[in-house]
Amino acid sequence: MPEATLAPEAIRIETSGASASEVVVRDPRTQKVLYSFREPADAEVTAAFARARAAFEKIRAMPVADRVRETLKLRDYILKHKEKIVDRIVQETGKSRVDALMADVAQALSIIDFYKNTAEKYLADEKVPTPIILQGKKSYIHYEPMGAVLIISPWNFPFNLAWVPMITAFVAGNSIVFKPSEWTPLKGLYEEIIEGSGFMKDAITVMYGGKETGRRLIDQRPAKILFTGSTRAGKQIMEQAAQYLIPVELELGGKDPMVVFDDVNIDRAAAGAMWGGLMNCGQTCTSIERVLVHERIHDDFVKALASKIEDLTHAAEHGDKPDAGDLDVGHMTAPFQVKKVEELVEDARAKGATIHTGGKREGDSHAYPPTLISGVNDSMRVITEETFGPVITVEKFKSEDEAVRMANDTPYGLSAAVWSTDLARAERVARNIESGNVSINNVLATQGNAALPFGGTKESGFGRYFGPHGLHSFSHIKSVIVDAGNKIEPHWFPYSKEKYALLSALLDVLHSKTGLSKMLGLISIDGKLRKLSKSKRK
């Protein structure tokens with residue numbers, strides 16, 4: 001394989017006098033321009049789907065094993081060039097190298113290896129039970145490809161949330177048109193991986209652009225849309241897709257709680273809350289934003305958590321030193337999100353909350369320090385709105401019922417965590433929290449298992465990917481019954497009073513009799529019905 005050339009200099013475009021149709025990409029750490037690109041023309045959008053639909057005809061005809069082998073080419077290339085890939089991710093997102101490696105690159109590798117071992121089983125025709133009334137027949141479920149699908153990824157995990165759904169869609173037999181976020185497009189990286197690995201040509205078509213490009217792509221009527229991003233944008237995409245009845249899967253925002261009972265190891269629980277809330281600089285839809293702590297250990301928990309946060313290495317103090325893998329919390333990515341975090345923290349401060357750590361950035365820097373807030377209430381925006389930044393709030397609860405009520409007091413339902421040494425209680429609370437994912441005595445752990453489906457409830461969206469559910473979500477699920485016989489069915493035309501009476505008796509036997517009585521009754525009625533079906537209407 002040729003050596004990768006993944007540095008953005010290879011695709012740099014001078015941006016002096018950039019027009020409104022150009023997208024400018026900056027390094028969040030320095031805010032310097034990396035490159036820019038123009039929005040695609042209408043003809044390019046149309047051509048992208050034409051290529052994807054032509055590729056789909058080839059992909060759908062491939063055995064699942066052959067599709068899987070294609071993804072192994074991507075895996076091997078990504079693994080070989082992972083350090084250069086991490087460089088690109090860090091440069092456009094500002095995150096720490098460890099977060100880029102483990103939350104972006106590792107997830108892409110994981111889904112490939114998972115489907116390597118399971119995809120043929122999950123996509124095989126599935127035989128299901130056939131009721132006795134349909135005796136002599138066999139029932140199956142077929143999982144068939146959908147077509148050219150559209151995947152729109154967010155800026156916070158530009159590698160992970162691109163490759164995981166793309167791999168899933170391809171293994172299920174679909175071609176992909178992919179639009180990355182205009183904030184972290186990683187322009188040229190996807191194409192180099194595809195071409196450098198020898199992956200199937202035109203199976204994935206990348207289209208760079210902003211919201212208007214996204215709208216034009218939807219107007220091409222893809223077979224399905226998977227969108228990951230904000231709830232507001234998800235609603236807009238769903239509204240447009242509804243005009244064409246395009247199936248949509250939405251992975252949206254969260255306001256994820258962590259419930260901590262008074263029997264936990266406070267040191268470990270505080271360490272979990274810190275990582276769950278500050279990993280990727282808190283820019284995670286499953287980030288722990290609200291920690292609900294039993295009143296008996298609240299003060300000790302806050303003290304322990306504040307102490308741990310103070311010991312972190314973060315971008316606000318790291319200065320210009322290169323990240324050799326020792327930076328815990330990097331920069332925030334998008335300028336609008338830094339301002340949003342700033343507004344929420346200042347609102348909480350003005351309304352009387354206690355800021356234990358962080359709480360202020362220098363000038364217009366994207367290095368917002370890890371922030372811990374207590375003494376919060378529902379009048380504060382930091383409690384009711386998704387923060388999506390390096391901010392953790394801590395609240396008190398008195399009882400299990402109150403903890404569940406507080407955890408569910410949000411329009412979102414994406415992820416949660418429950419901590420207790422009483423596993424029966426922890427599992428009970430986990431069942432009562434309205435959420436698509438729950439980790440017990442851990443945080444964000446469900447996302448580490450590719451066999452578990454991922455998705456939300458309420459305003460966190462709907463649909464699932466990962467595991468068998470992911471492959472099936474990118475499949476037409478077809479029901480098939482096979483009848484090898486040549487007999488006229490007794491319930492077919494013509495109808496008669498005698499047939500009606502026998503069919504009524506059949507229902508009685510089917511749903512009120514058991515064992516031998518049921519079997520003999522069915523045999524008797526079936527014989528009479530078949531005899532009656534052969535006779536002509538008088």
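Mentor: Gladly! Keep in mind that this is a predicted model. Let's begin with a pair of helices: H2 (residues 64-80) packs against H5 (residues 160-171) at an angle of about 155 degrees, and their axes are 9 Å apart.

Trainee: How are H2 and H5 oriented, roughly parallel or roughly antiparallel?

Mentor: In general, a packed pair of helices is described by two values, the angle between the axes and the distance between them. Angles over 145 degrees count as roughly antiparallel, so H2 is roughly antiparallel to H5. The crossing in which H2 passes H5 is right-handed.

Trainee: Which residues of H2 and H5 make the contact?

Mentor: From H2 come Arg67, Val68, Glu70, Thr71 and Leu74, and from H5 come Trp163, Ile167, Phe170 and Val171. Sorted by class, the residues of this contact of H2 with H5 are 6 nonpolar, 1 polar and 2 charged.

Trainee: H5 also packs with H4. At roughly what angle do the axes of H4 and H5 cross?

Mentor: Helix H4 (residues 97-123) and H5 cross at roughly 15 degrees, and their axes come within 9 Å. Angles under 35 degrees count as roughly parallel, and H4 and H5 are therefore roughly parallel to each other. Their crossing is right-handed.

Trainee: Let me try H17 and H18. How far apart are their axes, and at what angle do they pack?

Mentor: The axes of H17 and helix H18 (residues 515-534) are 10 Å apart, and the packing angle is about 160 degrees. That makes H17 roughly antiparallel to H18. Here the crossing is left-handed. H17 contributes Glu498, Lys499, Leu502, Leu503, Ala505, Leu506, Val509 and Leu510 to the contact, while H18 contributes Lys518, Gly521, Leu522, Ile525, Lys528, Leu529, Leu532 and Ser533. By class that gives 10 nonpolar, 2 polar and 4 charged residues.

Trainee: What about the backbone? Where is there a cis peptide bond?

Mentor: Omega is the torsion to check. Phe493 and Pro494 are joined by a cis peptide bond, with omega at about 5 degrees. Pro494 sits in the loop between strand S20 (475-483) and helix H17 (497-512). For phi, look at Leu186, a residue other than glycine with a positive value near 50 degrees. Leu186 belongs to the loop between strand S6 (175-179) and helix H6 (189-197).

Trainee: Now the domains. Which domains does the chain have?

Mentor: The domain assignment gives domain 1 (31-252 + 469-478), domain 2 (256-448) and domain 3 (487-533).

Trainee: How many residues of domain 1 and domain 3 are in contact?

Mentor: For a pair of domains, look at the centres, the contacts and the buried area. The C-alpha centres of domain 1 and domain 3 are 50 Å apart. In the contact, 4 residues of domain 1 meet 6 residues of domain 3. About 380 Å² is buried between domain 1 and domain 3, with 70% of that area from carbon and sulfur atoms.

Note on methods
Residues numbered from 1 in each chain as written. Predicted model: local features only at pLDDT ≥ 70, side-chain atom pairs only at ≥ 80, totals over all residues. Heavy atoms only, no water. Axes fitted to C-alpha atoms, helices over the stretch in contact; angles between N-to-C directions. Helix = DSSP H or I, 4+ residues; strand = E, 2+ residues; numbered from the N terminus. Parallel < 35°, antiparallel > 145°, perpendicular 65-115°, else oblique. Left-handed = near helix turned anticlockwise from the far one by under 90°. Contact = heavy atoms within 4.5 Å. Nonpolar A, V, L, I, M, F, W, Y, C, P; charged D, E, K, R; others polar. Domains from an automatic or database assignment. Buried area = accessible area lost by both parts, 1.4 Å probe.
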